[in-house]
Each structure stands twice: as C-alpha cells, then as structure tokens.
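Colleague: I have a few questions about this structure. Can we go through them one by one?
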Amino acid sequence: MRKLALKDEILLQVEKPARYIGGEVNAVMKDKDRVDVRFAMCFPDVYEIGMSHLGIQIIYDMVNQFEDVWCERVYSPWVDLDQIMRRENIPLFALESQDPIRDFDFLGITIQYEMCYTNILQVLDLSGIPLLSAERGEKDPIVIGGGPCTYNPEPFCDFFDLIYVGEAETRYRDLLDLYKEYKKNGWNRRDFLKKAAKLPGIYVPSLYQVVYNEDKTVKERIALEEGIPLTIEKELVKDLSHTYYPLKPVVPFLQVTQDRVVLEIQRGCIRGCRFCQAGQLYRPVRERNPEVLKHYALEMLQNTGHEEISLSSLSSSDYSALPELLSFLIESCAEKRINISLPSLRIDAFSLDVMNKVQDVKKSSLTFAPEAGSQRMRNIINKGLTEEVIFEGARLAFEGGWTRVKLYFMLGLPMETTEDIQEIAHLCNKIAALYYETVPKEKRTGRVQIVASTSFFIPKPFTPFQWARQCTKEEFLEKAYLTRTSIAGELNQKSIKYNWHEADASVLEGVMARGDRRLNQVILTAYKKGCIYDAWSEYYQNDKWLSAFEECGIDPDFYTVRKREDDELFPWDFLDCGVSKKFLLKEWHKAQREEITPNCQSQCSGCGAMRYGCGVCVEGPERRGGEVS
Amino acid sequence: MKVRIRFSKYGVLRFIGHLDVMRYFQKAIRRSGIAIAYSEGFSPHQIMSFAAPLSVGHTSEGEYLDIQVTSFPGEEALKDMLEAVMVEGISILDVQLLPSGEKNAMASVAAASYLIAFRQGTSLPSDWQERLLAFYNQASIPVVKKAKKSEREINLKEGIYGLEIRKGAFADREEVLPDGVYMLLNARSGENIKPAFVLESFFKTLDYELPPFALLVHRLETYKERGEDEPGADAASRPYDTRKLVPLIWGK
C-alpha cells in the first residue's frame with residue numbers, strides 16, 4: 001500500500017485532504033529504481049485548478065510514455081497546509097510517489113498567468129530548493145518553466161534554470177537525452193545548462209546579461225557564452241493529428257474546475273484580435289483531423305468515465321469540421337448519456353440548433369464577446385463582430401426560447417473615449433429591447449436577463465497593443481463607474497446586471513506582463529512579506545506588493561502607464577514567437593487609424609508564421625472555398 | 001433490476017469524502033460497462049443509492065450502494081466488471097440481485113458495527129476498559145447531542161445496541177494501542193450515533209478529554225432489519241438477535 005508523505009493528523013485537519021494523496025484513476029505509478037529520470041510537473045496553484053489544465057495532462061502523458069522517465073504531479077499546497085508544512089518543516093512532495101520534490105531530477109513549472117509568480121516561489125521554498133537559480137547546487141533539481149507567461153520570462157527568470165519556449169510536445173525528449181548523457185558522463189550543472197542553451201526552444205536566463213539605457217529601457221542583451229543564440233525561437237507542433245494526446249487523463253476524486261473530457265480541436269486562432277496574446281503566440285492555426293478527434297473522444301470517455309465532454313480551442317466556430325464533429329458527438333453521446341459542454345460558439349443558426357440539442361434552453365445562457373461597445377472601438381481591436389451580427393444572433397436566440405444573455409467587454413482599451421464606454425450600455429439596452437420586440441407578450445416567461453461583465457484591458461507582449469499605455473487604477477475605476485451609471489440610465493436597465501473586476505490586481509498583472517529582470521527582486525520581496533495565491537482575491541495583499549516595489553526602488557508605473565516609442569527594445573524581444581515585430585507594429589498603427597485586418601482564413605497578412613509551413617498558412621483559404629469576412 | 005454492492009474503503013482512500021465516493025462510483029460504473037438505468041428528464045442521472053455515509057478518515061469493509069440496471073450479467077460477473085475498474089483503496093466485496101420490493105440501501109440502514117482503535121501514545125485512564133463497560137451497563141445514559149443548529153438531550157443507551165472491549169485486538173499493530181472497542185450503533189437516518197461520540201461522552205464522565213485524532217475507526221458492517229419472511233442467521237453469526245439485524249446483503 002502507498003505510504004503518504006503527510007501524517008493522518010495533518011490530513012484530517014486540512015481542508016480537502018484528497019488534494020494531497022494521489023492514487024487517482026489513471027495516475028501513473030512506476031518503479032523509481034527502474035527509471036533514469038524523475039520529473040515533477042507542477043501547476044503552481046491549488047489542486048482543483050491545476051488538475052483542470054490540459055497542458056499538464058499532455059506533458060504528463062507524453063513524459064510517462066518515455067519508459068526511462070517517471071513524471072509525477074505537484075500543486076501548490078493550499079494556505080492551510082502551507083502553514084503546517086512551514087511550521088513542521090515538511091518538504092513538498094509529489095502526489096504519485098509521495099517523495100520529496102528536492103530529490104527529483106527536474107521540476108517543471110507551467111506558468112499560465114502572471115498572478116501565480118509568488119506561488120512559484122512557494123513551491124520552490126516548500127520543496128527546499130534555493131529560490132534563485134544562481135544559488136542552486138549540483139544536487140538540486142533542474143527547474144524548468146513553460147507556458148504562455150514564458151513569452152516574457154524576464155520578471156521571474158532568476159528563479160529558473162531553464163525556460164522552455166513554445167509547445168512541449170517537440171523538444172522534451174532531446175532535453176531529457178542530454179540530461180541523461182551528462183548524468184552518465186559526470187554531472188556538472190553549469191556545463192549541462194550551457195549545452196541545453198543550444199537546444200532549440202530552450203532559454204537559459206543565467207547565460208545572458210541585459211544592459212539598460214539611462215531611462216531604464218533595455219539597451220541590449222549580451223550572451224555570456226560562445227555559441228548560444230541571441231534569439232530563441234518558439235517550439236511548435238506542425239502536425240497536431242500525429243502527436244501526443246492524453247487518452248487516459250487522470251480522473252480526480254475531487255470535483256475540479258474542469259471535470260470532463262477535454263478535446264482540443266485546434267491550436268491557434270485565425271482572428272487576430274489586437275488585444276489577444278494567445279491569438280498571436282499560437283500562430284498559425286492548426287486543426288486536428290476530425291477522425292482522430294472522434295477516436296480520442298470515445299477512448300477518453302471510456303478511460304475516464306466522465307459524464308461530460310467539452311471542446312477546447314480559442315475559437316471553435318472557426319474549426320472547419322465542427323458540424324461533422326458535433327453531429328458525431330451528439331449521436332454517440334446521447335446513447336451514453338454524456339453531456340456535451342459547448343465552448344463559446346459564435347451565435348448563429350447553426351450553433352443555436354446545436355445548443356438546442358445539447359442544453360436545456362431554459363437554463364442556459366448565450367454568450368457574446370463584443371469586447372467593446374462601439375463599432376469604432378471594435379475596429380481598433382480588430383474584433384470582427386458587428387452590431388448586426390450580434391442582433392441577428394440574439395433575435396434568433398430569443399425566438400428559440402433563450403432569455404439569458406451574457407456580454408463580455410473590456411475597459412481601458414487604447415484610444416477609448418467616454419462615448420465608447422457609453423456604447424456598452426447602449427448595446428446592452430438594444431439587446432434587451434430586441435427581446436421585447438421579438439417575443440410577443442403572451443410568450444414571455446418574465447424579463448430578459450442581460451449580464452454585462454467588463455474586465456480591465458492589460459497590454460501583453462507579442463500583441464499589437466504591446467506598445468499601448470495601460471490605465472491607472474483610478475482610471476480603471478472611473479471607467480467602471482461610468483459604465484455602471486450609463487447602464488443605470490438606460491430604458492431597460494432593470495433587465496441588465498453589471499459586473500466588473502477589481503483594479504488593483506489588474507495593475508499588478510500589467511506590471512508583470514511587460515516587466516523586465518528587475519522585477520525578480522520585487523516578486524522575491526513580496527513573497528518574503530507573505531504574498532502567495534495572488535490570483536485569489538481573498539488572499540491578494542496589495543499593500544504588501546506596494547511596499548515591495550518601494551523597498552526595491554522600482555516604480556510600477558514604469559511598466560504600465562509609460563508611453564512606449566515605436567522603436568523601443570522590449571525585454572521579451574529576444575524571443576521569436578513566429579509573428580514579426582514589424583507585423584505587430586503595422587497592426588498597432590492600423591489600430592490607431594481604426595483599420596481592420598482580415599482573418600488568416602480569408603487573406604494572409606504576412607505576420608511571419610508562414611515560415612513554419614503548416615496549418616492555415618499552407619492549407620489556405622481555398623480549403624473552404626474562401627470565407628466572406 | 002436492483003443490485004446491491006458491498007465494498008471496502010481502506011488505505012489512502014479514507015481521505016475521500018462521501019460525495020466524492022459517489023462521484024467516483026458514477027465514473028467507475030461508466031468505465032465498467034455495467035448497464036445502469038438512468039432517470040428521465042433533460043439531464044438524466046444514474047439510479048444509485050448509498051447506504052450510510054462514512055466519515056472522512058474512517059476505513060470500512062461494510063459499505064453498500066444499490067444500483068438499478070437494465071440488464072444483469074450475474075452477481076459474480078457484475079462484481080468482476082466493477083472490481084476491474086477500481087483503484088487501490090476501494091474493493092468490491094459482494095454483489096446481490098435484490099428481490100423486487102426491497103427498500104433501497106439508504107432507507108434500509110438500521111445499524112452499523114465498528115471496531116475502534118486508539119492511536120499509539122494516547123494515555124488513557126488506567127482502568128478505562130472496566131469503566132467503559134460500567135458506563136454502557138447503566139440503565140440510561142442521558143447526553144446532549146449537538147446537531148447543526150440544535151442541541152437536544154437524548155438517552156444514548158437507546159442508540160448503542162452492543163459494546164464490547166476487544167482485548168489485544170490490535171496486538172500486532174504498532175501504530176495503535178493493543179485493546180480496541182467493538183460497537184454496534186443505531187445508524188438510521190436522523191438517529192445515527194457516531195462511535196467517537198459514544199467514547200467522548202464516556203471519557204467526559206471520567207473528566208478525561210481524548211486528544212485530537214486519537215481514534216481510528218473502522219466500520220465492519222452495515223445492518224438492516226430482516227423482514228418477516230427473511231431467514232434469520234444462526235445465533236453464533238448474528239450480532240444481536242433480539243433486534244433482528246442482518247447485513248445489508250443477506251440471504252444470498
């Protein structure tokens with residue numbers, strides 16, 4: 001029987017002990033004496049969040065297919081256990097073997113959002129691994145980071161020995177082989193890192209130095225070793241239908257956020273919304289073959305026993321075989337009594353028909369993401385959604401019996417005016433009015449419910465808005481207040497509910513998103529002051545962050561509200577995500593002129609991703625006989 | 001057709017709560033291929049009933065659930081199908097096709113038996129064994145039972161159907177004291193008595209407070225009241241004959 005790292009007394013006094021025991025269905029057990037490399041894969045947040053992440057399941061499955069490696073999982077202990085572990089000096093352990101992380105060969109950490117940076121330090125600290133790469137010794141695990149935030153790894157680069165840039169499926173085998181070679185022929189940490197720095201997609205922060213201008217912007221980067229690249233290109237899977245996919249994902253005992261089979265139908269997005277980082281990072285869009293997906297779906301449902309399946313992608317409506325795939329799923333899931341959870345689809349006759357089949361219309365709501373209230377603003381952000389399209393979708397939906405509509409907007413977009421914000425309220429009002437026009441009195445079951453939510457816009461690296469100024473906290477709150485009062489002034493205001501986000505965390509997220517190496521010290525200071533779980537509003541301590549900035553002599557406004565010139569060298573410019581800076585700058589200028597750019601399916605705009613020779617770039621618009629945009 | 005399943009819960013799975021055990025079985029039954037029946041309506045759910053919830057931290061060899069199936073492959077075959085998809089920590093022990101008209105597992109529960117151990121290092125009052133028996137042998141044991149919102153006085157004696165000291169029951173286990181306690185307690189919905197409550201009530205009379213996490217509770221069996229036409233057991237294998245208690249799987 002497996003022995004647990006934590007004593008009964010501890011497990012019985014923490015919330016949800018099932019977070020720490022492992023042993024779930026499809027968890028992979030291996031004999032540790034029969035593997036060469038032990039890999040701990042970490043999502044630095046609580047179990048229920050980490051277990052819901054597809055990327056970790058992909059890596060877990062892939063690495064465990066390698067016979068010589070055992071990949072185990074580790075998540076952030078929740079705050080209750082965190083305190084006990086510190087008090088009693090209990091080292092952080094992996095779920096499968098329950099062995100201490102510090103005895104592993106690798107600790108891989110996926111970095112999915114900026115607000116998890118202090119949790120990275122929590123994981124390292126509880127593991128007993130020195131927080132700074134520079135302080136680690138020969139026996140410490142190699143700490144490697146990956147995930148979307150590594151497209152600007154500089155704010156946390158001191159905590160990592162290696163950063164893997166891009167999609168994990170392609171380069172891990174090479175890295176593991178290199179590690180084994182060094183283990184066999186005499187281990188030397190520094191030599192290994194130097195050699196790893198020459199592998200495609202691998203960035204070794206300690207081997208580079210950054211020189212700053214007097215105004216604190218980046219002047220240049222210097223490679224401290226011969227033969228290591230000054231630019232690091234992202235890794236990318238060219239053929240998504242022939243690669244790793246977790247057909248036996250781990251099935252948690254606990255109810256986790258994503259408690260269902262997740263089918264990733266495509267990677268990337270053709271749309272090119274100018275605020276969206278994922279839309280640039282994962283170019284070009286690559287589809288999975290529908291036959292492969294059908295097989296995956298059945299296999300995964302069988303292997304997990306999940307009662308629900310969901311499609312995953314950035315924009316599922318753009319998947320060319322969507323009707324075929326959905327009709328297959330609807331048919332095969334009905335007999336198995338499997339629910340289909342639909343991703344946000346563009347609302348049109350097709351998607352309403354599908355929703356009608358798989359959801360209870362009375363209970364479900366429709367989601368539109370216009371992102372901005374005015375057409376002018378939607379052109380600036382290149383969101384190709386017009387009021388006519390929204391109204392047509394809403395009208396069809398109201399006729400079909402839906403009465404609940406969710407609308408997502410962003411506040412603080414570049415060049416936003418008071419009128420643009422007021423248009424948010426007008427749009428909500430018009431949709432509510434449309435309901436009363438469309439549905440005759442005798443057929444109404446009550447009031448239409450419009451829920452409008454706004455988030456604050458945060459400029460991200462590798463987007464056309466990476467040059468944009470971010471709003472201050474006060475500006476954000478003013479905009480939210482204006483939205484609220486505008487909605488309150490509308491005729492149908494009683495049918496409209498308005499939610500907005502907190503502003504403090506958005507400011508910090510913005511600092512981290514476009515930060516540089518000097519932020520390592522700030523994160524470290526904030527962590528030492530007790531900041532963890534910053535992504536959880538009940539644990540976010542803004543005052544501690546502010547004093548950390550002050551102690552380090554760093555002005556957060558430098559990263560957010562400062563105006564950036566067109567020719568500024570950004571801290572992340574040494575990475576190559578496939579999309580050229582020239583293209584992004586062109587898009588930034590077009591945004592200023594309120595000009596839109598067609599999507600990849602209808603016309604190539606020359607972003608640079610065509611060099612990969614795959615996906616939409618080679619399959620081209622003619623595949624679907626072109627698309628009217 | 002209704003089928004009753006007996007299972008054990010042991011090892012690390014004692015940290016999985018009742019709701020998660022229910023979810024676990026829902027998924028396990030889907031993996032197993034057992035033809036379970038579903039309820040009607042827009043979001044059909046599996047027709048399934050669990051006997052008595054087990055507290056987090058307790059182990060058991062007397063857990064039960066009922067499922068309704070649309071085709072029945074035989075008791076052994078169904079047991080094998082389900083056992084094949086279990087994880088370490090839950091084992092399928094027995095399966096019985098229920099006669100029609102049998103009440104479901106949850107409604108059937110009348111009592112449960114437990115074996116309780118004390119964690120090593122618990123310094124119990126020296127003559128606790130004798131005094132526990134004396135406590136139990138009183139004609140009436142008035143105690144205050146706290147529910148979520150209310151407090152009420154009950155006669156604990158009425159909820160304890162049997163109590164024995166099991167001398168040396170755990171002599172071979174290092175992590176606990178050698179002597180254990182066996183209890184047969186009312187487990188009916190709304191009247192359930194927890195074994196820890198009995199011991200805490202007892203030690204309170206000695207002015208002794210058990211340290212936290214001192215008890216290791218293992219459920220041995222869950223009982224129902226046998227029907228008029230159901231056969232009784234021979235006296236030796238029946239726990240407390242006067243109450244007509246038989247295990248939830250009975251008369252196979």
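Colleague: Which side chain meets Glu221(B) in a salt bridge?
Modeller: Keep in mind that this is a predicted model. A salt bridge needs a nitrogen of Lys or Arg within 4 Å of a carboxyl oxygen. Here the N to O distance is 3.7 Å. The partner of Glu221(B) is Arg6(B).

Colleague: How many salt bridges are there between domain 1 of chain B and domain 2 of chain B?
Modeller: The domain assignment places domain 1 at 2-102 and domain 2 at 109-223 in chain B. In contact are 13 residues of domain 1 and eight residues of domain 2. Between these two domains of chain B, the salt bridge count is two.

Colleague: What area do domain 1 of chain B and domain 2 of chain B bury between them?
Modeller: Interface size is often given as the accessible area lost when the parts come together. Of the area buried here, 45% is on carbon and sulfur atoms. The area that domain 1 and domain 2 of chain B bury is about 920 Å².

Colleague: What kind of ring pair do Phe39(A) and Tyr172(A) form?
Modeller: By the ring rule, there are 41 aromatic pairs over all chains. In this one, the ring centres are 5.6 Å apart and the planes stand at 85°. Planes over 60 degrees apart count as edge-to-face, so the pair of Phe39(A) and Tyr172(A) is edge-to-face.

Colleague: Is Phe39(A) buried or exposed?
Modeller: The relative accessibility of Phe39(A) is 0%. Under 20% counts as buried. So Phe39(A) is buried.

Key: Residues numbered from 1 in each chain as written. Chains lettered and ligands numbered in written order. Predicted model: local features only at pLDDT ≥ 70, side-chain atom pairs only at ≥ 80, totals over all residues. Heavy atoms only, no water. Phe/Tyr/Trp six-rings, centres within 6.5 Å; stacked < 30°, edge-to-face > 60°. Buried < 20%, exposed > 50% of the residue type's maximum accessible area, 1.4 Å probe, protein only. Domains from an automatic or database assignment. Contact = heavy atoms within 4.5 Å. Buried area = accessible area lost by both parts, 1.4 Å probe.
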